[in-house]
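What follows is a guided reading of one protein chain, meant to be read with the sequence and the model side by side. Please keep both in view while the paragraphs move from a single residue to the whole fold.

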Amino acid sequence: MENVMRNFFLFLSKNKFLTRSAKRYGLRFGAAKFVAGETIEEAVAVIKDLNNRGLKVTIDYLGEFVDNKKEADHMADNCITAIEAIGREKLVSQLSLKLTSMGMDISDEIVMANMKRIMEAAKNYNVFVTIDMEDYERCEKTLQIFKQLRLEYDNIGTVIQAYLFRTQEDMKDLDEYAPNLRLVKGAYKESPEVAFPDKSDVDDNYKKIIQMHLLHGHYTAVATHDDAIIEFTKQFVKEHEIPNDQFEFQMLYGIRSERQLELAKEGYTMRVYIPYGTDWYGYFMRRLAERPANVTFVLKGIFKN
Ligand code: FDA
């Protein structure tokens with residue numbers, strides 16, 4: 001049953017008609033639990049509050065699978081607005097973005113022009129930028145663009161998904177770039193030809209890539225809500241005397257907020273991924289796919305209103 005629901009929400013997450021419709025209706029159906037608002041001002045207020053409680057942040061202006069230049073340029077403008085807000089308001093925040101929202105599906109010229117604009121602004125304000133990883137179809141291209149930008153900029157990282165068979169090879173290939181990587185399980189619906197179908201295999205591979213990246217001496221963001229993986233990481237860094245400034249934990253806004261504070265109090269760097277904007281639909285559907293309890297929460301919200 002859990003798998004049926006997961007597939008159903010992942011299918012919905014890619015529906016263009018529903019994506020467009022959702023924008024018109026504002027943060028409804030419980031999406032506000034996972035999204036920090038529709039405007040930069042709302043997001044800034046949330047970030048200040050989290051920073052005051054000892055949590056670091058990465059902010060994400062929501063948007064994906066953009067198919068025209070005007071929209072891609074607009075998305076990049078919004079990322080620059082977010083970078084400027086981080087600088088102006090002295091927020092402890094990085095920026096996360098998706099290359100499909102910068103025009104990756106339209107042309108190489110458009111995505112690179114937008115990324116260069118963003119990276120220049122980020123360099124000026126000393127803001128770190130992480131390129132989120134999207135579906136398998138875009139993985140190779142995303143890594144190529146990351147490598148190209150990494151040659152020019154120090155303040156850029158990307159994401160590696162444990163559920164893909166190719167992941168360990170990708171990490172070996174990336175090694176010479178000394179990459180700052182966010183390691184995740186993976187959120188998209190992928191075929192068993194390219195990704196582990198069983199959760200236990202994903203978890204095993206996740207542990208392997210955490211070990212690999214830490215032992216290679218690179219900065220590692222372990223982005224998970226899974227206590228077993230968090231405990232594994234804590235043990236591993238202790239045994240191998242890996243300093244606390246070589247890794248951090250990351251979680252999504254609205255998920256396990258208490259646990260986030262606990263980890264920060266224990267002395268670990270804890271970063272919260274804060275999405276904001278009107279294009280919240282795909283992101284929200286992936287959160288519902290991850291956990292049936294999230295669906296119950298949303299249903300309760302609908303019937304309360
Ligand atoms: P999983 O979903 O297996 O959950 C494991 C356990 O965590 C559960 O059994 C439960 O104990 C606990 N748990 C989970 N949710 C909970 C909740 N709401 N309340 C209480 N306990 C809960 N993906 C991607 O493909 N590309 C990307 O760029 C990113 N970026 C990203 C950034 C950040 C900061 C995070 C945290 C995640 C991503 N992801 C991502 C998403 C990631 O791939 C994955 O889909 C989710 O993190 C869910 O997987 P978990 O590792 O949390 O474990």
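Leaving aside residues up to four places away in sequence, Y219 touches N180, Q246 and F247, where two residues are in contact if their C-beta atoms, placed from the backbone, lie within 7 Å. Y219 itself sits in the loop between helix 8 and strand 6, and it counts as partly exposed because it has 17 C-beta neighbours inside 10 Å. For that scale, a residue is buried if 20 or more other C-beta atoms lie within 10 Å of its own, exposed if 12 or fewer, and partly exposed in between, with C-beta atoms again placed from the backbone. E64 lies 155 residues from Y219 along the chain, and the C-alpha atoms of the two are separated by 27 Å.

Two points on provenance should be kept in mind. The model is predicted, so that local features need pLDDT of at least 70 and side-chain atom pairs count only at pLDDT 80 or more, whereas totals for chains, interfaces and linings use all residues. Residues are numbered from 1 along each chain as its sequence is written.

Taken as a whole, the chain has twelve helices and eight strands; helices (H or I, at least four residues) and strands (E, at least two) are DSSP runs, numbered from the N terminus. Of its 305 residues, 42% count as buried, and among contacts between residues at least 6 apart in sequence, 72% join residues at least 24 apart.

The ligand is surrounded by 22 residues, of which the closest are D132, V184, A187, T224 and D226; a residue is taken as near a molecule if its C-beta atom, placed from the backbone, lies within 6 Å of it. Strand 4 (156-161), strand 5 (181-184) and strand 7 (247-252) each supply at least two residues of this shell, and strand 7 gives the most, with three residues. By class, the shell has ten nonpolar, five polar and seven charged residues, where Ala, Val, Leu, Ile, Met, Phe, Trp, Tyr, Cys and Pro count as nonpolar, Asp, Glu, Lys and Arg as charged, and the others, Gly among them, as polar.

The chain is divided into domain 1 (1-34 + 280-305) and domain 2 (54-278), with bounds that come from an automatic or database domain assignment. The contact between them takes nine residues from domain 1 and eleven residues from domain 2. On the side of domain 1 that touches domain 2, helix 1 (2-13) and helix 11 (281-290) each supply at least two residues, and the largest share, three residues, comes from helix 11. That side of domain 1 has four nonpolar, two polar and three charged residues. Helix 11 is also mostly covered, since nine of its ten residues are buried, among them Y281, F284 and R287.

Most residues other than glycine have a negative phi. N126, however, has a positive phi of about 55° although it is not a glycine; it is found in the loop between helix 5 (108-125) and strand 3 (129-131) and counts as exposed because it has 10 C-beta neighbours inside 10 Å. The phi of E241 is near 50°, a positive value in a residue other than glycine. E241 has its place in the loop between helix 9 (227-239) and strand 7, and E241 is exposed because 6 other C-beta atoms lie within 10 Å.
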